[in-house]
Amino acid sequence: MNKFVFAVCGPERCISQLAFSIERLKRFTHNDIIVVTDSRRNEIPISYENIIDIATPSEYNDHEASIYLKTSLHKILSHGHTYCYLDSDVVCLSEKVDEIFCHYSAPITFANDNATLEYFSPHAMNCECLENHAHRGEVIAKFKANVAKRIGNFNLDDESIMHDRKELADLFAQTKHSFLGASRYFLLRYLPFVRSFTLGKFAFNKSGMCWRNSNGEAVELDFRYYKQHILPKLGENPADWTNFEHDMPHCNHLSAYISKTYGINIPDDWQHWNGGVYLFDDSSTEFLDCWHEKTIDEFANPYTKTRDQGMLALTVWKFGLQNHPTLPIEFNWIAEFADGNIDYDAEKGYTRDGFKTISHPILMHIYHHWEDESWSIWKSVK
């Protein structure tokens, strides 16, 4: 038989999420739903009939206790079934949910995360990378404000501006490979009495140290100039800044830790698995024993945060499953609030790429901004 299972204990927030998610899942599935909990920890009762109550170790906090239950389900549940574990913030949206069991591939099947290992790393390790990233964001904001005082408002990420930037870059490439073109550019750019000059449809004005298109919009800045003149005023060393992209925080501290501690080398760009949805059966025991053991061992490590996905990555590679089949994205459609390309429209539906394509999520993973009424995703689910 196929069965769904949740493992939740502790805060009222998590139990309220569970109630919402169970109610939605019951609308669509024909399979049993089980809840594994430690009722002694729960701030409010779980109003559901099919519960397995497990006493978790008293030395664990509620978060650790939930992970303890989640990674030991194979020791708690009866044998002879295929189970689908769901985090309490995974919400069912479709009657196709039972088809998830058709995608099971022994010994275990997870869905991919929405980022590679290096982007998960700052959230798994007690390094300073998240703080450094936040500081970098503050510096970039101040940097842009200083530039704007000189050249006015600019948005280099605008789609039309990005098209112009590519066209300008192509002109630069052509100029570089032409002796006459390169000589002309060098003279015009660096002769002190030349205040402005053009390259194709673009004009460079030395007073603003930026390139503008025919509409007068800034399409490229002389970043070398600006970082040399602005960053020192912000208390930053220009030599430490190679660009001003504000990417998501990422680092190699997790992969380095796993390599040093466990002797397993995982590439930072590996598409790691997400622990919010997974399928398992009796053949999963050895894998789950390892995941559980390593995760519990890390509770006492001050360098690692209390998460289960870091040791999940270790276990995957330890068992040589790094290329093992994963669930289709529809069965763990991760909703990222900060990603503006993830959106919902009543007429178009869901999208992950700004409506270039349409998605059809079956299980939606709303891991943050739960009940955020300003978010199109949450409003659609509610």
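1. A residue is called buried when its relative accessible area is under 20%. In this predicted model, arginine 24 is therefore buried, since its relative accessible area is 10%. Its salt-bridge partner is glutamate 23, and the closest N and O atoms of the two are 3.2 Å apart. Glutamate 23 is partly exposed, with a relative accessible area of 35%.

2. Side chains of opposite charge can pair when their charged atoms come close. The structure holds 15 salt bridges. Some are joined together: Asp38, Arg40, Arg41, Asp53 and Asp62 are linked in a network of salt bridges.

3. As to accessibility, aspartate 164 is buried at 9%, lysine 201 is partly exposed at 40%, and glutamate 167 is partly exposed at 30%.

4. S7 and S8 form a hairpin with two residues between them. In the turn, glycine 200 has a positive phi of about 65°. The two strands pair in the antiparallel sense over four bridges, S8 covering residues 202-205. Leucine 199 has phenylalanine 202 in S8 as its bridge partner. In a regular strand the side chains alternate between the two faces of the sheet. In S7, Phe197 and Leu199 make up the covered face, and Ser196 and Thr198 the uncovered one.

5. A pair of aromatic rings is described by the distance of the centres and the angle of the planes. The model has 31 aromatic pairs. The rings of phenylalanine 186 and tyrosine 190 have centres 5.2 Å apart and planes at 50°, so this pair is tilted. The two residues are four apart in helix H7 (residues 179-190), and are thus separated by about one helical turn. Phenylalanine 186 counts as exposed at 52% relative accessibility, whereas tyrosine 190 counts as partly exposed at 48%.

6. Tyrosine 257 and tyrosine 303 give an edge-to-face pair, because their planes stand at 70° with the ring centres 5.9 Å apart. This pair links distant parts of the chain: tyrosine 257 is in helix H9 (residues 253-262) and tyrosine 303 is in the loop between helix H10 (285-297) and helix H11 (309-318), 46 residues apart. Tyrosine 257 is buried at 12% relative accessibility, while tyrosine 303 is partly exposed at 31%.

7. Aromatic residues also gather in one cluster, whose members include Tyr83, Phe110, Trp270 and Trp317. The charged end of lysine 348 sits over the ring of phenylalanine 355, 4.9 Å from its centre, and that of arginine 352 sits over the ring of tryptophan 333, 4.7 Å from its centre.

Conventions. Residues numbered from 1 in each chain as written. Predicted model: local features only at pLDDT ≥ 70, side-chain atom pairs only at ≥ 80, totals over all residues. Heavy atoms only, no water. Pairing = 2+ DSSP bridges. Salt bridge = Lys/Arg side-chain N within 4 Å of Asp/Glu carboxyl O. Buried < 20%, exposed > 50% of the residue type's maximum accessible area, 1.4 Å probe, protein only. Phe/Tyr/Trp six-rings, centres within 6.5 Å; stacked < 30°, edge-to-face > 60°. Lys NZ or Arg CZ within 6 Å of the ring centre and 35° of its normal.
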